[in-house]
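Dear colleague,

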Amino acid sequence: MSSEFWLGLGLPPELLVFLAAVLPVSELRGALPLAINVLGIPWYWAYLIALAGNLLPIPVILVLLEKVLNLLERFSFMRGFTRWIYALGQRRSTPVEKYKRIGLMMLVAVPLPVTGAWTGSLVEVVLGLNQRGFDLYQSGGGYCRGNSDLFVFAGLVRSYTCGRSAGWYRGLPHNTLKKPTSLT
């Protein structure tokens, strides 16, 4: 989708990036390419906004997730969904059970589908770890994941599409990079 679509929503670009980072499906892996490659936000601002959007909801998720799932469990038509969510948390909890805090950090940091801050929060709730100071390690995992996503989406993608090798790393402003002239 083009930047005209996103900017046509009437929201500031920074808020769009923040909201994309908050969503459980996109998180950092969706917010960073949106910010850097679509909206033209400089990589350093994109990283800070996306990281804040990804990490700020963690305490709220930890407080509300179990309560919301327990509430949904009361409705018969939602039981399948809540059981699926708990089963997902159980399936993803293996590294956390084995390595505890470092396992949670690894779970959040690995840039694979169905990993990230939301899954880390779900695993904390399923294992009953949300009151034991695991949040710092989850934030560390988000920081590591943000760095890897930034490298992939800002470094490799920009270097191939703009004909420059990692120009963002040298601190060049986004608008000085050449736009691709063709798709080939």
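**Salt bridges**

Glu-73 forms a salt bridge with Arg-83, their closest N and O atoms lying 3.5 Å apart; the term denotes a side-chain nitrogen of Lys or Arg within 4 Å of a carboxyl oxygen of Asp or Glu. This pair links distant parts of the chain, ten residues apart: Glu-73 belongs to helix H5 (residues 57-73) and Arg-83 to helix H6 (residues 79-91). Helices are DSSP runs (H or I, at least four residues), numbered from the N terminus. Glu-73 is partly exposed at 23% relative accessible area, and Arg-83 is exposed at 53% (buried is under 20%, exposed over 50%, partly exposed in between; 1.4 Å probe, protein chains only).

By this rule there are two salt bridges. Asp-149 also pairs with Arg-145, with 3.6 Å between the closest N and O atoms. Both residues lie in helix H10 (residues 135-162), four residues apart, about one turn of the helix. Asp-149 is buried at 4% relative accessibility, as is Arg-145 at 1%.

**Basis of the values**

The model is predicted: local features need pLDDT of at least 70 and side-chain atom pairs pLDDT 80 or more, whereas totals for chains, interfaces and linings use all residues. Residues are numbered from 1 along each chain as its sequence is written, and side-chain values use heavy atoms, leaving out hydrogens and water.

Yours sincerely

How values were computed
Helix = DSSP H or I, 4+ residues; strand = E, 2+ residues; numbered from the N terminus.
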